[in-house]
Amino acid sequence: MLTRISASVVAIAVLGAAPAYADFPAGYPADYQKIVDGAKKEGKVVVYSTTDTKAAGPLIQGFEALYPGVKVEYNDMNSTELYNRYISEQAAGGTSGDVVWSSSMDTALKLATDYAQEYASPEQGQLPKWAVWKEKAYGTTYEPVVFIYNKRLIPQGDVPDSHAALAKLIASQTDKFKKKVTTYDIEKSGLGFMLSVQDSKADPHYFATLADVAKGGLAVQSSTGTMMERVSSGENLIGFNILGSYAEARAKTDPSLGISYPKDYTLVLSRVSFISKEATNANAAKLWLNYVLSEKGQSILANQADIPSIRNDIEGKNDIEGMTKMLGNALKPIPVDESLLEYLQPAKRLDYIKQWRTAAAK
């Protein structure tokens, strides 16, 4: 009996001393196990995100399977709601998100300048330099911005492959496209505002192009899902400045939805993430951020959530390398840096919105 008990104790001890690499990739700091242990004591990570819960689901499941006992409390909001809620909670000094993960790159970076803790992710060497800001904010995805159209109602020969072609198509058939063109309401969507600003930087004739696109009248929305639904149903015929990741995911099961990647320039969005300075679950927040940036997490995003990876070592075509083979020099990644903040100054933002409204006849 004593021998058997001793053997059991030894077996338990050996299991308890299992190598830490089971919990995280090779090459991580030697003391990373302390973060894993700390996260398990915290028991959860609170994520504030603009990524749809459905799209994030496989990532959450993968994380919770890798780190049993660390639950993901996932809060899915639109970009404006996330920004306003996070700021008000920080001002009140109460609990808030441990991690912010937003597609509205400019407002996310604005939050990061005031509220992010500095943290050097061991995954940052796998990211493009433009995707890392002061070891505080990280770009996490590589998502082309596309046109969508109704395949039943737009002849293949009419499908635009550039911003100029989109404007020409609509300006030449204003009756057909009257109130049938959809895009973001830039006053209600932080993402929509940011993409419009980036368009104006990429195209010196942007406002003239927008005026032609708007000749039939724009139907503006605050969410990608609503725009895709309306184009698919035929209520709208075409949409622009749509996140390609969501469009590709829907098109797999929706035969009415077509996608066009503009060849003059294709903006590339990268969802920005950072850890809060005042994170209640700081260790779990680090685990989550590193998991999202890791090969495992990025593979899930690319191959299960249809969100292109910001890495180059992911199996399949849904990463930087695959996108570059498809679109080449047309790709224009939006850098995670201070240039994003320029149009967040109240006076400049207001002037821009007025200019947009004039061009869009809103």
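The model is a predicted one. The domain assignment of the chain gives domain 1 (35–140 + 270–317) and domain 2 (142–266 + 341–358). The largest nonpolar core has 84 residues, and this core lies between the two domains, because both give residues to it.

**Domains and their contact**

- Taken over C-alpha atoms, the centres of domain 1 and domain 2 are separated by 28 Å.
- The contact draws on 21 residues of domain 1 and 16 residues of domain 2.
- The size of an interface is often expressed as the accessible area lost when the parts come together.
- Between them, domain 1 and domain 2 bury about 1600 Å², and 56% of this is on carbon and sulfur atoms.

**Nonpolar cores**

- In the core of 84 residues, those with the most contacts inside it are Val45, Phe63, Ile148, Leu195 and Trp288.
- Helix α11 (residues 282–293) gives the most to this core, contributing eight residues.
- Domain 1 (35–140 + 270–317) and domain 2 (142–266 + 341–358) both supply residues to the core, which therefore lies between them.
- Leaving out residues up to four places away in sequence, Trp288 touches Val45, Val47, Leu59, Ile60, Phe63, Val72, Val99 and Trp101.
- There is also a second, separate core, which has 28 residues and includes Tyr149, Leu169, Leu210 and Trp356.

**The six-stranded sheet**

- Six strands form an open sheet with mixed pairing, in the order β2-β1-β3-β12-β5-β4.
- The edges are β2 (71–76) and β4 (132–133), each of which pairs on one side only.
- Strands of a sheet pair through backbone hydrogen bonds, in either a parallel or an antiparallel sense.
- Strand β1 (residues 44–49) is largely enclosed by the rest of the structure, because five of its six residues are buried.
- Helix α5 (residues 105–115) lies across β3 (99–102), β4, β5 and β12 (272–275), and runs at about 15 degrees to β12.

- β6 and β10 pair in the antiparallel sense over four bridges, and the bridge partner of Asn150 in β10 is Leu257.
- In a regular strand, side chains alternate between the two faces of the sheet.
- Both faces of β10 are covered, with Leu257 and Ile259 buried on one side and Gly258 and Ser260 buried on the other.
- Phe147 is in strand β6 and counts as buried, because its relative accessibility is 2%, against a cut-off of under 20%.
- Apart from neighbours within four places in sequence, Phe147 is in contact with Pro160, Ser162, His163, Leu166, Gly239, Phe240, Gly258, Ile259, Ser260 and Pro262.
- The C-alpha atoms of Phe147 and Asn290 are separated by 32 Å, and these residues are 143 residues apart along the chain.

**Helix α10**

- In helix α10 (residues 244–251), the buried residues are Gly244, Ser245, Tyr246 and Ala247.
- Their cover includes α3 (53–66), β6 (143–150), α9 (224–233), β9 (238–243) and β10 (257–260).

**Two further buried residues**

- Thr182 is in strand β7 (residues 181–184), and is buried with a relative accessible area of 0%.
- Leaving aside neighbours within four places in sequence, Thr182 is in contact with Ala219, Gln221, Met227, Val231, Asn236, Ile238, Gly239 and Phe240.
- Ser294 sits in the loop between α11 and α12 (295–303), and is buried with a relative accessible area of 4%.
- With neighbours within four places in sequence again left aside, Ser294 is in contact with Tyr28, Glu123 and Arg311.

Key:
Residues are numbered from 1 along each chain as its sequence is written. This is a predicted model: local features need pLDDT of at least 70, side-chain atom pairs count only at pLDDT 80 or more; totals for chains, interfaces and linings use all residues. Side-chain values use heavy atoms; hydrogens and water are left out. Two strands pair if DSSP finds at least two bridges between them. Helices (H or I, at least four residues) and strands (E, at least two) are DSSP runs, numbered from the N terminus. Contact means heavy atoms within 4.5 Å. Axes are lines fitted to C-alpha atoms, for helices over the stretch in contact, and angles run from 0 to 180 degrees between N-to-C directions. A nonpolar core is a set of buried Ala, Val, Leu, Ile, Met, Phe, Trp, Tyr and Cys residues joined through side-chain atoms within 4.5 Å. Buried means under 20% relative accessible area, exposed over 50%, partly exposed in between (1.4 Å probe, protein chains only). Domain bounds come from an automatic or database domain assignment. Buried area is the accessible area (1.4 Å probe) that two parts lose on being put together, summed over both.
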